[in-house]
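This report is written for a reader new to the structure. It takes up a strand, a helix, a loop residue and a ligand site in turn.

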Amino acid sequence: MSTPSLFEPYKLGPLNLFNRIVMAPLTRNRAGSDLVPSPFAADYYAQRASAGLIITEATQVSKQAQGYQNTPGIYTPEQIAGWRPVTDAVHAKGGRIFVQLWHVGRVSHVDLHGGEAPVAPSAIRAETKTFVNNGFADVSEPRALDLEEIPGIVEDFRKAAANAIEAGFDGVEVHGANGYLLDQFLRETANVRTDAYGGSIENRARLLIDVTATVVSEIGAQRTGVRLSPASPASGIVPSKDEQPQFNHVVEALDRLGIAYIHVVEGATSGPRDARPFDFDALRKKFRNTYIANNGYDLELAKSRLAEGKADLFAFGHNFIANPDLVERLKSGAPLAPLNPATLYGGGAQGYTDYPTVSG
Ligand SMILES: Cc1cc2nc3c(=O)[nH]c(=O)nc-3n(C[C@H](O)[C@H](O)[C@H](O)COP(=O)(O)O)c2cc1C
């Protein structure tokens, strides 16, 4: 069998992708006060539509789900309408786009919730910061969710998935990574519940699996992906001793649901790939559909991991910010432009839609 190429088309369920390169989800904090995507978002994503698949910035499933200022939602009619130009612009270029569905849980601030505490599996504050009031601030002390509130959160994800299809997305990625609500439930260091959603590995995985099963029942398994970051300390996640069996169990359960892909952040998000020991190949082997690998990939590493059969698609994060034509640059060997850290979070078109392509 010949070695597959990163630059050849790939079939993701019913979707034909241009290539095996994915734009990773990237929060840019440019939504308006009603959390409608910015008017520049359609241009921004369309400029990057030569990726095989775009995964949008994390997008709230409800008001309660918000943890940072000016991040978009997908739970009001105005937000749904605000995403439509984005999906239309990407599709006009033949691209494919999933929206990443997000609930931040405890990674939030009282100022985003009228003075009320953010919600979490347990009342354990994360040692991390959020971006609020135009600066970084410690996250607030959360309150533990009542058991009776959990079906409402599952329902918010269901509605958001339906809204995503209405807005023209090709599918959704459930954000189970980076220390946000669904990841918090998975961790014994963030979840000390004694009900059906805490304690055992199975119980801690229940919310993520319930949410994913509900999204699948709403929009179909082939339009559903899940992002995981098993060995990442992102957003104040404290390592626990059972990470490997925990995530082995999660991936087995996701495989049974038949979802289109798992998207795995290998190592510390935006940090070392070998931050702590974890066998990512074990997850790959437990999952029959597409495995998207992310974190610290460059062309050489992606090529070699593809040749070894370790992943099917490769997601690039920060390199897509300053290189809208990243696919073409990787293909031609053109140098990659550095991003400007000052314009990452918030603002308008500057540092967002004004990065040039090689061809101008
Ligand atoms: C500015 C910025 C924003 C990010 N926003 C998100 C996000 O909304 N959702 C998410 O799952 N990961 C987010 N990430 C993590 C990236 O998707 C990715 O995992 C990380 O950058 C590592 O990939 P890379 O080495 O190719 O950059 C963000 C990273 C950066 C740099």
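Two strands count as paired if DSSP finds at least two bridges between them. In this predicted model, the bridge partner of Val226 in strand β12 is Ile262.

**Strand β11**

How many of the five residues of β11 are buried? Five of the five are, so the strand is largely enclosed by the rest of the structure. Thr224, Val226 and Leu228 point one way from β11, while Gly225 and Arg227 point the other way.

**Helix α6**

Helix α6 covers residues 243–257. Its 15 residues, at 1.5 Å a residue, should span 21 Å, and this agrees with the 21 Å between its end C-alpha atoms. The buried residues of α6 include Glu243, Phe247, His249, Val250, Val251 and Leu254. Against which elements do the buried residues of α6 pack? They pack against the helices α4 (181–186), α5 (201–219) and α7 (280–286), and against the strands β11 (224–228) and β12 (261–265). Just after α6, Gly258 takes a positive phi of about 70°.

**Glu266 in the loop**

Glu266 is placed in the loop between β12 and α7. Is Glu266 buried or exposed? Buried means under 20% relative accessible area; Glu266 has 1%, so it is buried. Its side chain forms a polar contact of 2.9 Å with the side chain of Arg273. Beyond its neighbours within four places in sequence, Glu266 is in contact with residues including Arg273, Phe280, Tyr291, Asn294 and Arg305.

**The ligand site**

Asn294, one of the contacts of Glu266, is also among the closest of the 19 residues that surround the ligand.

| Residue | Atom of the residue | Distance to a ligand oxygen atom |
|---|---|---|
| Thr27 | polar side-chain atom | 2.6 Å |
| Ala58 | polar backbone atom | 3.2 Å |
| Asn294 | N or O atom in the side chain | 2.6 Å |

Taken alone, the ligand exposes 610 Å², and the protein buries 90% of that.

Methods. Residues are numbered from 1 along each chain as its sequence is written. This is a predicted model: local features need pLDDT of at least 70, side-chain atom pairs count only at pLDDT 80 or more; totals for chains, interfaces and linings use all residues. Side-chain values use heavy atoms; hydrogens and water are left out. Helices (H or I, at least four residues) and strands (E, at least two) are DSSP runs, numbered from the N terminus. The expected span of a helix is 1.5 Å times one less than its number of residues. Buried means under 20% relative accessible area, exposed over 50%, partly exposed in between (1.4 Å probe, protein chains only). Contact means heavy atoms within 4.5 Å. A residue is near a molecule or strand if one of its heavy atoms lies within 4 Å of it. A polar contact is a pair of N or O atoms within 3.5 Å; within protein, one must be able to donate a hydrogen and the other to accept it, and residues adjacent in sequence count only if both atoms are side-chain atoms. Accessible areas come from the Shrake-Rupley method with a 1.4 Å probe; for residues, only the protein chains shown count as cover.
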